[in-house]
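Me: I have a structure open here and would like to go through it with you. Could you take my questions one at a time?

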Amino acid sequence: MPAACPQTPEPVPGRCGFLEVPESRSHRGGRTLRLAVAIIPAASGEPAGEPVVFMEGGPGGDAFDSIPFLVSSGVNRDRDLIVMAQRGTRYSEPNLACPEIDRFNVTAVGLRYDSPATGRLLVRAAEECRDRLTRDGIRLSSYNTTENAADFADLRTALGIDRWNVYGYSYGTNLALTYLRLHPQGIRSVAIDSVAPPKVVNLPWTWDSAAEGIGAIFAACEAQPRCKSRYPHLRRTLDEQVRRLEAHPLTLMAQPPAGGDPVKVDLDGGALVNILVANTVKAVDVPAALDELAHGNPERFARARAVDVGTVIGGFAHGMTQSIACAEWAPGFSERDVLKAGRRNFPGWPDSVLAQPPQLPFEHDLCRAWNVPDRTAIQRVATFSTVPALVLAGSFDMKTGASWAQVAARTLPRSTSVVIPGIGHWVVPQSPCAASVLASFLDRPTAPDTGCVAALRPAPFTITPDAETA
């Protein structure tokens with residue numbers, strides 16, 4: 001149904017409407033959801049016939065917020081681009097935002113990252129959000145990847161599109177693979193960027209991805225003579241700093257990256273690790289930041305810790321995140337399994353750090369409070385398909401390690417796999433080469449031009465003066 005575009009920070013460069021879908025397709029008679037849809041016209045004067053539909057990450061991310069990145073990357077160069085707010089997210093009704101968790105995140109920059117007391121505050125915020133949403137009659141168990149995929153199938157039908165191309169990143173790859181498995185009709189091609197295969201995504205897996213991405217950064221420094229000479233023992237430095245900060249956290253004032261007054265931040269071992277995984281300190285600066293930290297200058301990491309004070313209250317749908325994570329990622333693996341995965345990847349780190357999955361601290365406690373049914377038997381399934389696929393990964397990705405893209409590719413026999421060196425999470429907006437490969441793939445899904453990849457190397461790392469010799 002046509003409608004005005006949402007009032008986004010940057011105006012939507014196209015026309016908009018909304019799609020109505022049932023909250024639950026297995027419980028008829030429930031509420032109806034309204035999902036905002038934008039159609040951004042192709043930049044070309046002679047567009048190709050099959051559009052591209054985008055699947056946002058998260059889960060819980062704001063798809064409309066990604067439109068400027070998609071347009072600047074040329075995703076709509078030759079084809080119309082379709083963006084839909086996934087169920088439960090911003091610009092959908094209802095929106096499963098959790099201002100309670102947003103407010104916790106703002107204050108948490110000044111708390112011990114992995115302290116049980118911090119965990120209790122997070123769980124309390126989640127309980128308050130869950131109670132509010134359920135009082136409003138929201139069936140949290142219906143906010144899952146199966147229903148999400150069915151929404152996109154309904155969208156194609158509603159728009160009268162015979163065939164389209166699918167592009168998703170991060171959680172959007174999980175959704176895209178589920179959509180391909182359950183609703184293969186009308187899919188011309190699938191491009192997945194920073195891949196989280198449904199078959200393997202779980203909480204211990206987060207430690208495997210973190211280790212792979214961190215190891216790739218350190219190996220790239222080793223391969224650059226200036227970086228190797230200036231920062232010769234990065235893994236040892238990281239190990240030492242994680243142990244030191246966990247035993248003796250730093251409390252200091254730091255200016256948030258977005259500006260504003262300095263705020264109090266707490267920098268412990270868990271916070272240090274999660275700053276790295278979140279890429280809040282850019283990969284090219286990681287060796288320098290670790291060296292500065294080891295020599296008594298924590299400024300880069302402290303400022304990165306302060307980033308959450310700029311959280312937009314209500315901007316991210318944490319209710320969608322937890323409904324999916326607690327039903328599809330957490331079940332079947334215990335706290336002990338998370339700890340074992342952490343010890344396997346980072347032997348010698350404190351258990352207090354390794355007990356918390358990167359980016360999902362206290363998730364088992366939170367999921368007990370969120371209380372949605374286990375859906376792993378339905379969701380942890382590999383997608384086998386002969387639809388042409390492009391599988392993109394960044395070698396520095398610490399959230400979805402590059403090797404996991406190959407896991408997805410094994411059951412996609414007509415896939416082309418590309419690893420972009422020196423790039424982290426969500427490859428296409430960061431790499432003109434990856435954007436070119438995607439454009440070529442959309443033109444020729446079975447024979448994309450990947451020639452630009454061979455010459456790529458990670459960018460030179462930041463080299464600071466040696467304090468001991470300066």
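**Disulfides, helices and cores**

Reply: Let me begin with one link: Cys-326 and Cys-367 form a disulfide in which the sulfur atoms are 2.1 Å apart. The pair links distant parts of the chain, since Cys-326 is in helix α12 (residues 318-329) and Cys-367 is in helix α15, 41 residues apart. Please keep in mind that this is a predicted model.

Me: And are Cys-326 and Cys-367 buried or exposed?
Reply: Cys-326 is buried, and Cys-367 is buried as well. The torsion about their S-S bond is -85°, and the link is left-handed.

Me: OK, how many disulfides does the count come to?
Reply: The count comes to five disulfides. With the bonded cysteines counted along the chain, they follow the pattern 1-2, 3-4, 5-6, 7-8, 9-10.

Me: What about Cys-98, which residue does Cys-98 form a disulfide with?
Reply: The partner of Cys-98 is Cys-129, and the two sulfur atoms are 2.0 Å apart. Cys-98 lies in the loop between β6 (92-93) and α2 (99-108), while Cys-129 lies in helix α3 (residues 116-135), so the pair ties together parts that are 31 residues apart in sequence. Both of these cysteines are buried.

Me: Why is the disulfide of Cys-98 and Cys-129 left-handed?
Reply: The torsion about the S-S bond of Cys-98 and Cys-129 is about -70°, so the disulfide is left-handed. The link of Cys-221 and Cys-227 is also left-handed, with -100° about the S-S bond.

Me: Switching topic, which residues of helix α13 are buried?
Reply: In α13, which covers residues 335-345, the buried residues are Val-338, Leu-339, Ala-341, Gly-342 and Asn-345. Seen down the axis of α13, these buried residues fall within an arc of 160°, so they line one face of the helix. As background, an α-helix has 3.6 residues a turn, so residues three or four places apart point the same way.

Me: And what do the buried residues of α13 pack against?
Reply: They pack against four helices, namely α6 (205-223), α8 (234-247), α14 (351-354) and α15 (363-370). At the start of α13, a side-chain oxygen of Ser-334 reaches to within 3.2 Å of the backbone nitrogen of Arg-336.

Me: Now the inside: which residues have the most contacts in the largest nonpolar core?
Reply: Those are Trp-207 and Phe-301, in a core of 111 residues. Helix α6 gives the most to this core, with nine residues. As for Trp-207, the residues that it touches include Val-338, Ala-341, Gly-342 and Asn-345, which are also among the buried residues of α13.

Me: What does the second, separate core include?
Reply: That core has 34 residues, among them Ile-67, Leu-392, Phe-441 and Leu-442. In general, nonpolar side chains tend to be buried together in soluble globular proteins.

Me: One last thing, where is the place of Gly-314?
Reply: Gly-314 is in the loop between α11 and α12, and this glycine is buried, with a relative accessible area of 15%. Leaving out residues up to four places away in sequence, Gly-314 touches Asn-95, Ala-97 and Asp-102. Asp-102 is itself one of the buried residues of α2, and what covers the buried residues of α2 includes α3, α11 (299-305) and α12.

Notes
Residues numbered from 1 in each chain as written. Predicted model: local features only at pLDDT ≥ 70, side-chain atom pairs only at ≥ 80, totals over all residues. Heavy atoms only, no water. Buried < 20%, exposed > 50% of the residue type's maximum accessible area, 1.4 Å probe, protein only. Helix = DSSP H or I, 4+ residues; strand = E, 2+ residues; numbered from the N terminus. Arc of directions from axis to C-beta. Contact = heavy atoms within 4.5 Å. Polar contact = N/O pair within 3.5 Å; in protein donor to acceptor, adjacent residues only side chain to side chain. Disulfide = S-S within 2.5 Å. Core = buried A, V, L, I, M, F, W, Y, C linked by side-chain atoms within 4.5 Å.
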